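Colleague: I would like to learn how to read a structure such as this one. Please show it to me, and then start with one residue and its surroundings.

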Amino acid sequence: MKNNILDLIKNSQNIVILAHEKPDGDAVGSSLTIYSTLLDLNKTVDIILQDVPTRFKFLKNYDKIQEDTDKFYDLGIILDCSKQSRIGDKSDIFSRCKKTICIDHHATNENYCTINYVVPETSSCCQVIYYLYKDLNIPVDKQIGESLLLGLLTDTNGYANNNVDGKTLKMAEELTTLGVDHYKIYSEALRYETFEKYELDKIARDRLTFYADGKIAYTYITKKDMENTNACEGDHEGLVEIGRNISGVEVSIFVREDDGYRFSLRSNGKVDVSEIANMFNGGGHKMAAGGNFTSNYEETINNIINEIKKRVWYNEWDINNKQAKRLYIKGHSKYSF
Ligand code: 5GP
Ligand code: MN
């Protein structure tokens with residue numbers, strides 16, 4: 001299959017790169033990696049992604065990313081995207097590609113392309129691409145290494161997730177040897193916070209509500225919060241970690257209002273959150289999953305919380321429980337939107 005990917009690329013001239021909607025560091029890093037390689041092969045290439053977080057603008061060719069296209073292509077390469085309906089594809093570009101290749105790391109991938117190269121149990125799409133390049137003898141230089149490291153760092157949350165394996169760390173070591181500045185990429189991708197994000201973070205922290213004896217944490221950000229704080233796309237990234245980082249929390253829920261609502265779920269490993277996301281039209285991995293919904297906010301959130309409650313062990317609400325009492329006194333016993 002690996003050689004078929006290369007053959008298909010060699011036989012195509014006009015190529016478009018797509019990734020999942022609301023692209024994260026892994027989607028952007030994968031796209032810019034493939035973009036550089038295709039340019040080296042003298043291909044005509046477009047990258048079409050919408051709502052790309054500006055914090056990734058430090059990467060070379062970030063400014064080449066376009067929002068849309070009406071062109072026809074010999075080949076579409078779709079990255080970090082488990083199903084066709086998740087492609088950030090406003091004008092049905094996918095259907096204007098004669099052939100398609102999907103490169104991905106989601107176990108739930110629906111094999112919707114001509115060639116589907118999916119390696120589940122891999123930290124990131126960037127890790128899949130790196131080892132694919134090694135097998136195919138495709139060169140990785142410092143610039144490609146920077147975009148690859150972006151995906152590796154963001155999808156593992158700085159090597160903190162349980163999707164990190166020996167190959168992840170080996171890849172980081174090899175990229176560092178190439179001259180990739182690990183400190184710089186980490187700082188740009190994960191460390192620096194905008195002031196707007198700091199303000200959003202305060203709101204999300206203040207709204208944090210606990211259920212099931214503190215094993216479930218929930219918070220949210222509205223469109224109005226985004227406006228009031230002047231926040232932009234990407235500033236809400238990582239807010240789901242607030243709940244997840246609290247000792248005793250087994251599942252953290254973060255919801256963000258955009259055109260509809262996007263929910264993010266994070267688990268400490270005991271609950272498989274992809275199972276829950278799947279029930280609500282989403283997907284993902286055991287410890288990180290998410291999805292969208294458009295209406296019935298309260299009902300949907302209640303349903304999500306109830307599904308999680310079925311999977312965690314807890315005593316019913318008990319005012320003698322120290323944590324429950326503390327939260328009750330703080331006025332956190334209810335949530336509203
Ligand atoms: P996040 O919470 O960072 O948006 O998403 C966490 C993970 O859940 C992503 O890496 C992705 O695998 C998955 N995910 C998020 N939203 C969706 C969705 O709408 N559909 C599917 N299939 N997976 C999603
Ligand atoms: Mn990914």
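Modeller: Contact means heavy atoms within 4.5 Å. Apart from neighbours within four places in sequence, asparagine 116 is in contact with Met1, Cys102, Asn109 and Asn111. This is a predicted model, in which local features need pLDDT of at least 70 and side-chain atom pairs pLDDT 80 or more, while totals for chains, interfaces and linings use all residues. Residues are numbered from 1 along each chain as written, chains are lettered from A and ligands numbered from 1 in the order written, and side-chain values use heavy atoms, without hydrogens and water.

Colleague: Is asparagine 116 buried or exposed?

Modeller: Buried means under 20% relative accessible area, exposed over 50%, and partly exposed in between (1.4 Å probe, protein chains only). Asparagine 116 has 14% relative accessibility, so it counts as buried.

Colleague: Which backbone atoms does the side chain of asparagine 116 reach?

Modeller: A polar contact is a pair of N or O atoms within 3.5 Å; within protein, one must be able to donate a hydrogen and the other to accept it, and residues adjacent in sequence count only if both atoms are side-chain atoms. The side chain of asparagine 116 lies 3.3 Å from the backbone nitrogen of tyrosine 112, and one of its polar atoms is 2.9 Å from the backbone oxygen of cysteine 113.

Colleague: What coordinates the manganese ion (ligand 2)?

Modeller: Donors are N, O and S atoms within 2.8 Å of the metal (3.2 Å for Na, K and Ca); water is not among the atoms, so sites may look incomplete. Here the donors are Asp26 (OD), Asp80 (OD), His105 (NE2) and Asp155 (OD), at 2.2 to 2.4 Å.

Colleague: Where do histidine 105 and aspartate 155 lie?

Modeller: Helices (H or I, at least four residues) and strands (E, at least two) are DSSP runs, numbered from the N terminus. Histidine 105 is in the loop between strand E5 (97–104) and strand E6 (115–118), and aspartate 155 is in helix H4 (residues 142–155), so the pair ties together parts 50 residues apart in sequence. Both histidine 105 and aspartate 155 are buried.

Colleague: Which polar side-chain atoms lie by ligand 1?

Modeller: A polar side-chain atom of arginine 262 is 2.9 Å from a nitrogen atom of ligand 1. For an oxygen atom of ligand 1, the distance to a side-chain N or O atom is 2.6 Å in serine 264 and 2.9 Å in arginine 266.
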